[in-house]
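Please view the sequence and the model together while reading.

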Amino acid sequence: MVQASAPGKCILFGEHAVVYGQPAVAVAIDQRMSVSLALNEDWRIDGMSFHPQRHPHVEALRQRLWEGGPPLSVKILGDIPPASGLGSSAALSVAASAALRCARGRQIKDDDWAEGWTAARPNKVYDGPWEVAKGDDVEYGAQSVDEDECAILTHAVEAFAQGGRASPMDSSTCAHGGCIVLSDKVEDDLNWLYSRKLNDVSWEVHSVDLGEIDDVWLVIGSTGVHAPTSEQVAKVAALLEKQPEKMQEIETIGIVSRRGIAALMRGDMDAVGRAMSENHLLLRNIGVSCPELESLIAAAAPTSLGVKLTGAGGGGCMIALTRDPKLTSEAIELAGGRTLISKLGAAGMRVDNDENSPLWDPFE
Ligand code: PMV
């Protein structure tokens, strides 16, 4: 059995404004998705027969990493609620790409990858058919797995499953963990990781070193209201068309995000919280909050350093930064929300078991 896992994410600053080039900040959360693989007589997902159209992410990864390989039984476990803006599909895809890579190994030629995907060679795809020269080295198990590759594959797979549109926010945060900043330009003072391009849009992806944060937590509150991201993004676009002066709010969100990043880097959590609450007011001004979010936010505010909606809005989730997660969580639940508690910036993709790898050796 081979098993890998990856965290979900939530957006601390900059949702919606990132669509217009402003920086956005996401952190990995403690909740994870885990994928385990074992050889089987036929393809199975959680014991049921595998229907590619029902599992577009797994199918797209199967095509990229397992073409011609033997059938697998795939088991998916996790505690990230689906369709709530917490990155469950990206976490699943990162975990699945790590598990598939781990289960097949990677061919190495002249001390370099002979196949695979890598940020060192942006957007270049080495996807065979491979000329396997006998005697070339192959890395097996956990050491064949690479965070960048999982992020690249997951971005591609998310775009595939979402009709061509996906930012690398979820894929990068779920692969690398910690804190990730996306922007339309390379940001001074941040650790630049790579550029990503999809169709005509490009992003600069950075990481922020959060250091040890052990005295504040995020409480994530779900409204239970489902609001598709595409509709909320379209709503903001329509507003900006009708009232171009609202672009001011988008630019101010950018300023607040940068202030939030600086506070995160200083470890000044009170200032992080203030920036979050300010960010929320601006999001409200562009019409992406809703009564259910407002009621959870009002319930959490008295015990929190900062509160805001997270992700697309119109429903979905809010987050509270708090020193007393139990109290804040209870307040949100009393107001009708379902909660999760997480530290800021959980660990990224991880191989949890590679005992039996490889499950298939395409390089034999
Ligand atoms: O769908 P979510 O919750 O991960 O957040 C969407 C973030 C937006 O800025 C609203 C859209 C986007 O593509 O960045």
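## The ligand and its surroundings

Sorted by class, five nonpolar, four polar and four charged residues form the shell around the ligand; Ala, Val, Leu, Ile, Met, Phe, Trp, Tyr, Cys and Pro count as nonpolar, Asp, Glu, Lys and Arg as charged, and the others, Gly among them, as polar. The model is predicted: local features need pLDDT of at least 70 and side-chain atom pairs pLDDT 80 or more, while totals for chains, interfaces and linings use all residues. Numbering starts from 1 along each chain as its sequence is written, and side-chain values use heavy atoms, without hydrogens and water.

The ligand is surrounded by 13 residues, of which K9, H16, G85, T229 and G311 are the closest (a residue is near if one of its heavy atoms lies within 4 Å). Domain 1 (2–209) and domain 2 (217–342) both contribute to this shell, so the ligand lies between them; the bounds come from an automatic or database domain assignment.

| Residue | Part of the residue | Distance to a ligand oxygen atom |
|---|---|---|
| K9 | side chain | 2.8 Å |
| T229 | side chain | 2.8 Å |
| A312 | backbone | 3.5 Å |

On its own the ligand has 380 Å² of accessible area, and the protein covers 87% of it (Shrake-Rupley method, 1.4 Å probe).

## The backbone

Most residues other than glycine have a negative phi, and most peptide bonds are trans. A83, however, has a positive phi near 50°, and the peptide bond from S357 to P358 is cis, with omega near 0°.

Definitions and conventions: Polar contact = N/O pair within 3.5 Å; in protein donor to acceptor, adjacent residues only side chain to side chain.
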